[in-house]
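Colleague: I'm new to reading contacts between chains. Could you walk me through this one?

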Protein chains: 2
Amino acid sequence: MGVTLADVARRAQTSTAVVSYVINNGPRPVAAATRERVLQAIAELGYRPDRVARALRAKRSGVIGVLLPDTANPFFASLGQAIEAAAFDAGRLVVVGNSGFDPDREEAYLHAFLDSRVEGLVVVSARHSPRALDALASAPVPAVYVHHAPPDTLSAVVLADNDGGGRLATTHLLDHGHENVAVLAGPDDAGPVGARVAGWRRALAERGVPEHRRVRSRSAFTRAGGHASMRRLLEHKARPTAVFAATDELAVGALHAVAEAGLRVPDDIALVGFDGVPETAFTNPSLTTIGVPAERMARSAIAGLDRAWQGHERPGGEEILPVSLIQRASCGCESPTSR
Amino acid sequence: MGVTLADVARRAQTSTAVVSYVINNGPRPVAAATRERVLQAIAELGYRPDRVARALRAKRSGVIGVLLPDTANPFFASLGQAIEAAAFDAGRLVVVGNSGFDPDREEAYLHAFLDSRVEGLVVVSARHSPRALDALASAPVPAVYVHHAPPDTLSAVVLADNDGGGRLATTHLLDHGHENVAVLAGPDDAGPVGARVAGWRRALAERGVPEHRRVRSRSAFTRAGGHASMRRLLEHKARPTAVFAATDELAVGALHAVAEAGLRVPDDIALVGFDGVPETAFTNPSLTTIGVPAERMARSAIAGLDRAWQGHERPGGEEILPVSLIQRASCGCESPTSR
DNA sequence: CTGAAAGCGCTTACAG
DNA sequence: CTGAAAGCGCTTACAG
């Protein structure tokens, strides 16, 4: 403990500069014999470079700040885990913050990250607070938005094809013979879920379902919200036969509400979710859902940061990754008792 | 951007020492008028202290390293989120690492954390690799083990009452009139789940269920594992009427297997899980489970670190937090269609 | 109460 | 190929 570069230099009978050169493989060459001595001294002393000192001097901390709404939510948990793994594989550590969808907290984390001299930022948010955006716009390090982006950012953006997914889910349900598909959405049409709802609307329009017959039920983005929202739909005079839940959380709550009402999925009501979180493979019945490529998004985000560090001054650009239909029982594709 | 302490000092017409004193409220007093000038200069320049420089000089980085097995798992996700929140409330940032249950990776993160001069460590692991333990034992900063601890560590330890919970779950099922309770466990009896299984064994012993009638099915700690494991139990000649799943993940998989077999929970098979993850409130039927106080554990962990920093040289001690029975439908307590 | 100066552990021109 | 030295932005004895 407490072994410094100077200790290594002393033992290897050379200067701290040379020790630094061998540790970092540069920027100057080192004679093979000298390098050998240094390596040996490092091993003998069990020397490990102090990343804080390195960060101060070289202005590269090797850490990425990751802002997420709430990693207790399965979708953000998967995304967060994937981002952390991708960062580690790229030799970076992540410092994470859960904003809890709170703008003040979001801003507080952003400042804390920046004060800690993170080298880059990955921002996952369902909605952006103006203040957080200001902090980001003037940040001295590259940022990439994942899952959702503010209107005209200059930063790189990695999105899932939410609109396409909404259309895919809805169309799939219509293809099962349903004449209409209701949607379980969030409190408003902002963010990624807004795009999913837009895709739903587009699919209905394409199939000629008139405006006034497009049923939308709103709630918070939680299982409890989906539960309450579906319940309302069930009490609706014209109970829908098919429902598109704009997130898996909503879908899981909806599944529960249907069972509670003594009805069956997919026989009485067919259901499709969105996100492709792991638990959907094991709900009863298993949930058909739109798979969001969380791992790919994570890798893209880290790659975007890498590009920015590499000096490509326009790291920006919007990447929209394809989603996929994961066919399981809740839509009517499989017998409800099989997985 | 790039405003330093020296800039502030210049503008406030004082020394960097004084600026530091006002920022940190000490360790020397500052005249009110001077303080005012400094505060004003800070505001005018938009100065923000560089935490990296501070960390190097003061040897306090303000960041905590958090090692977790896998935050894509709902239980660890909840725990991780709670730890992050508790740390932030205590003015600390967390750097997190997912070991993926891999000892090499666990060790790599620990070293990376230490190299980054974290001020403390929170280690959540279902099993400890010898190398990780070595790294921890010689770490120059306090660590606290959460969820599971190595045999005779000197560090603080925060556990849930796993043994008591296993007994509680099993007893509850027996109280419902079942004569025996099978257990869905992990690949071996190590770690927290080992204690849960021990509690199950103890409960059965207390009620006189003989050794040879105690059925245990093993699998990986995943939903798929629980699914396969329960499937095996269903094919068993003496199919159990009650099952204790040692984690909620196993329970969710088991629930799915029972539905798939065309049987009903709790009528044909009663089931109790363990962990109290959020999704269990919305499974079909809803899952009775043993609630683990993740938030309380998180706060205890941060408090343990605080105690160590405060200089209480023996931060150690084992804290065992009580678990609770969350009664829902799967055990037979509620009608299966209600929540 | 205030300031000049050393120093945390590195990296990096610069000179040789 | 190697080394002496400056300096990253702070905090903290130390002297006044």
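Colleague: Which residue in E2(B) is the bridge partner of Val96(A)?

Modeller: Val94(B) is the partner of Val96(A). Strands (E, at least two residues) and helices (H or I, at least four) are DSSP runs, numbered from the N terminus. Two strands pair if DSSP finds at least two bridges between them. Here three bridges join E2(A) to E2(B), residues 93-98 of chain B, and the two run antiparallel. Keep in mind that this is a predicted model, where local features need pLDDT of at least 70, side-chain atom pairs count only at pLDDT 80 or more, and totals for chains, interfaces and linings use all residues. Residues are numbered from 1 along each chain as its sequence is written, chains are lettered from A and ligands numbered from 1 in the order in which they are written, and side-chain values use heavy atoms, leaving out hydrogens and water.

Colleague: How many residues does the contact take from chain A and from chain B?

Modeller: Contact means heavy atoms within 4.5 Å. Chain A gives 54 residues and chain B gives 54 residues.

Colleague: What area do chain A and chain B bury between them?

Modeller: Buried area is the accessible area (1.4 Å probe) that two parts lose on being put together, summed over both. For this pair that's about 4900 Å², with 58% of it on carbon and sulfur atoms. On chain A's side, His256(A), Phe282(A) and Asn284(A) lose the most area to chain B, together 14% of what that side buries.

Colleague: And how many salt bridges are there between chain A and chain B?

Modeller: Look for a side-chain nitrogen of Lys or Arg within 4 Å of a carboxyl oxygen of Asp or Glu. The count is six between chain A and chain B. One of them links Asp89(A) with Arg105(B), whose closest N and O atoms are 3.7 Å apart.
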